[in-house]
Amino acid sequence: QVQLAESGGGLVQAGGSLRLSCVASGRALNSAAMGWFRQAPGKDREFVAAILRSGFTTYYADSVKGRFTISRDNAKNTVYLQMNSLKPEDTAIYYCAGYASGSFYNGRSYGYWGQGTQVTVSS
């Protein structure tokens with residue numbers, strides 16, 4: 001059963017913007033926080049951003065700070081990742097994840113994962 005569903009990926013030029021969405025359902029609705037991770041070809045999965053259920057506390061990787069914004073609309077069961085000033089090094093598959101326990105920066109702290117959406121940034 002699908003509990004997290006990402007959308008919004010695509011191909012953009014460097015400097016462009018994309019907005020990713022993640023709709024939660026089922027058990028994932030109980031997550032105390034939601035996160036975004038990404039994985040580029042040949043590289044390990046990397047933390048991008050996380051947000052607590054209240055929406056008032058957020059965490060960002062240094063590589064995206066100031067360019068990406070994570071937000072959520074609990075009434076819509078949706079988490080967003082607004083990505084501005086995109087760079088070729090942002091190219092990756094982006095995954096939405098529901099937090100379980102542990103460090104917000106560690107993917108193993110998350111118990112639910114979406115299928116991923118491809119983001120490609122051309123030079």
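The model is predicted.

- Strand E3 (residues 18-24) and strand E8 (residues 78-83) run antiparallel and are joined by 6 bridges.
- Opposite Leu-18 stands Met-83 in E8.

**Two residues of strand E3**

- Leu-20 has its place in strand E3 and counts as buried, because its relative accessibility is 0%.
- Apart from neighbours within four places in sequence, Leu-20 is in contact with several residues, including Ser-7, Trp-36, Leu-81, Tyr-94 and Val-119.
- Between Leu-20 and Glu-46 there are 16 Å in space, C-alpha to C-alpha, and the two are 26 residues apart in sequence.
- Ser-21 is also found in strand E3, and with a relative accessibility of 16% Ser-21 counts as buried, because the limit for buried is under 20%.
- Among the contacts of Ser-21, leaving aside neighbours within four places in sequence, are Ala-5, Glu-6, Thr-78 and Tyr-80.

- Strand E11 (residues 117-122) has a covered face made up of Thr-117, Val-119 and Val-121.
- The uncovered face of strand E11 holds Gln-118, Thr-120 and Ser-122.
- With strand E2 (residues 10-13), E11 pairs in the parallel sense over 4 bridges, and Leu-11 stands opposite Thr-120 in E11.
- E9 and E11 run antiparallel and are joined by 3 bridges, with Ala-92 opposite Val-119 in E11.
- Strands of a sheet pair through backbone hydrogen bonds, and the pairing can be parallel or antiparallel.

**Aromatic rings**

- A pair of aromatic rings is described by two values, the distance of the centres and the angle of the planes.
- Phe-37 lies in strand E4 (residues 33-39) and Trp-113 in strand E10 (residues 110-113), so their pair ties together parts that are 76 residues apart in sequence.
- Phe-37 counts as buried at 2% relative accessibility, whereas Trp-113 is partly exposed, with a relative accessible area of 30%.
- The ring centres of Tyr-99 and Tyr-110 are 5.5 Å apart with planes at 80°, so this pair is edge-to-face.
- Tyr-99 in strand E9 (residues 92-99) and Tyr-110 in strand E10 are 11 residues apart, and their pair links distant parts of the chain.
- Tyr-99 and Tyr-110 are both buried.
- Ring pairs join a cluster that consists of Phe-37, Phe-47, Tyr-59, Tyr-95, Tyr-99, Phe-104, Tyr-105, Tyr-110 and Trp-113.

**Charges over rings**

- Arg-19 lies over the face of Tyr-80, at 3.9 Å from the ring centre.
- Phe-37 has the charged end of Arg-45 over its ring, 6.0 Å from the centre.

**Salt bridges**

- Side chains of opposite charge can pair when their charged atoms come close.
- Glu-46 and Arg-38 meet through their side chains in a salt bridge of 2.9 Å, N to O.
- Glu-46 is partly exposed, with a relative accessible area of 28%, whereas Arg-38 counts as buried at 5% relative accessibility.
- Another salt bridge, also given as 2.9 Å from N to O, brings together the side chains of Asp-90 and Arg-38.
- The pair of Asp-90, in the loop between E8 and E9, and Arg-38, in strand E4, links distant parts of the chain, 52 residues apart.
- Both Asp-90 and Arg-38 are buried.
- In the salt bridge of Lys-65 with Asp-62, the closest N and O atoms are 3.4 Å apart, and both residues are exposed.
- Arg-38, Glu-46, Arg-67 and Asp-90 belong to one network, joined by salt bridges that share partners.

Methods: Residues numbered from 1 in each chain as written. Predicted model: local features only at pLDDT ≥ 70, side-chain atom pairs only at ≥ 80, totals over all residues. Heavy atoms only, no water. Pairing = 2+ DSSP bridges. Buried < 20%, exposed > 50% of the residue type's maximum accessible area, 1.4 Å probe, protein only. Contact = heavy atoms within 4.5 Å. Phe/Tyr/Trp six-rings, centres within 6.5 Å; stacked < 30°, edge-to-face > 60°. Lys NZ or Arg CZ within 6 Å of the ring centre and 35° of its normal. Salt bridge = Lys/Arg side-chain N within 4 Å of Asp/Glu carboxyl O.
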